[in-house]
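Here are my notes on this model, point by point. Please keep the structure open while you read.

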Amino acid sequence: MISYNTPLNLVLLVDDDETTNYLNKRLLSEMQIASEILVLSNGKEALEYLAKACDAVPDAAFKCPDLIFLDIKMPVMDGFTFLEEYEKRGLNMRDHMIILMLTSSASFYDLERLKNFKKVRKHFSKALTKHDVRDIMDEFFKVRK
């Protein structure tokens with residue numbers, strides 16, 4: 001028998017596009033993927049959140065996410081800069097966290113560059129579909145009984 005280890009505790013949506021965030025949050029909520037879905041508008045906000053939530057001594061008021069959807073192109077701090085800082089700070093040592101990239105226009109260069117980041121498991125076009133979410137849950141959060 002196969003079941004999902006759901007709901008996940010927390011999914012982070014890191015994207016500056018309000019419409020994409022609205023659509024993705026609505027879809028994830030309807031599919032009951034997580035107990036909580038938090039929207040942050042850039043990589044800097046996400047790093048600040050993760051520093052509190054996923055530190056060696058985490059702040060109890062913050063949950064470390066199970067899944068992060070990260071946009072590549074954002075103001076303040078883009079997805080690539082986020083990933084570089086994430087690795088520098090050692091946050092990539094958290095084994096359970098899955099990072100998936102979201103993009104509206106993935107260039108060949110961007111996709112090649114993503115291969116340098118081991119924590120990035122896949123990329124998806126905006127906005128997510130039910131099919132995308134089912135595939136993500138099957139691939140990364142399936143529990144065999």
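1. Where is the place of Gln32? Gln32 sits in the loop between α1 (18-30) and β3 (34-40). Helices (H or I, at least four residues) and strands (E, at least two) are DSSP runs, numbered from the N terminus. Phi of Gln32 is near 50°, a positive value in a residue other than glycine. Gln32 is exposed, with a relative accessible area of 60%. Here buried means under 20% relative accessible area, exposed means over 50%, and partly exposed is in between (1.4 Å probe, protein chains only).

2. Some ground rules. This is a predicted model, in which local features need pLDDT of at least 70, side-chain atom pairs count only at pLDDT 80 or more, and totals for chains, interfaces and linings use all residues. Residues are numbered from 1 along each chain as its sequence is written, and side-chain values use heavy atoms, with hydrogens and water left out.

3. Look next at Val76. Val76 lies in the loop between β4 (67-71) and α3. Its phi is near 70°, a positive value in a residue other than glycine. Val76 is exposed, at 66% relative accessible area.

4. Now the peptide bond between Lys126 and Ala127. This bond is cis, with omega about -20°. Ala127 is in the loop between β6 (120-125) and α5 (130-140).

5. How do the axes of helix α2 and helix α3 cross? The axes of α2 (residues 43-53) and α3 (residues 79-88) come within 9 Å and cross at roughly 25°. Axes are lines fitted to C-alpha atoms, for helices over the stretch in contact, and angles run from 0 to 180 degrees between N-to-C directions. The two helices are therefore roughly parallel to each other; that term covers angles under 35 degrees. On the α2 side, the contact is made by Gly43, Ala46, Leu47 and Leu50. On the α3 side, Phe82, Glu85 and Tyr86 make the contact. Contact means heavy atoms within 4.5 Å.

6. Turn to the largest nonpolar core. Of its 26 residues, Leu50, Leu70, Phe82, Leu83 and Ile99 touch the most other members. A nonpolar core is a set of buried Ala, Val, Leu, Ile, Met, Phe, Trp, Tyr and Cys residues joined through side-chain atoms within 4.5 Å. β2 (8-14), α2, β4, α3 and β5 (98-103) each supply at least two residues of this core. The largest share, five residues, comes from α2. A second, separate core of 20 residues includes Ile37, Leu67, Leu102 and Ile136. In soluble globular proteins, nonpolar side chains tend to be buried together.

7. Follow Leu50 through its contacts. Not counting residues up to four places away in sequence, Leu50 touches Leu12, Asp55, Pro65, Ile68, Phe82, Tyr86, Leu91 and Met97.

8. Is Leu28 buried or exposed? Leu28 counts as buried, at 2% relative accessibility. Leu28 lies in helix α1. Leu28 and Lys130 are 102 residues apart in sequence, yet 8.5 Å apart in space, C-alpha to C-alpha. Beyond four places in sequence, Leu28 touches Val11, Leu13, Ile33, Ile37, Phe69 and Val133.

9. Last, Thr103, which is found in strand β5. At 5% relative accessibility, Thr103 counts as buried.

Definitions and conventions. Angles under 35 degrees count as roughly parallel, over 145 as roughly antiparallel, 65 to 115 as roughly perpendicular and the rest as oblique.
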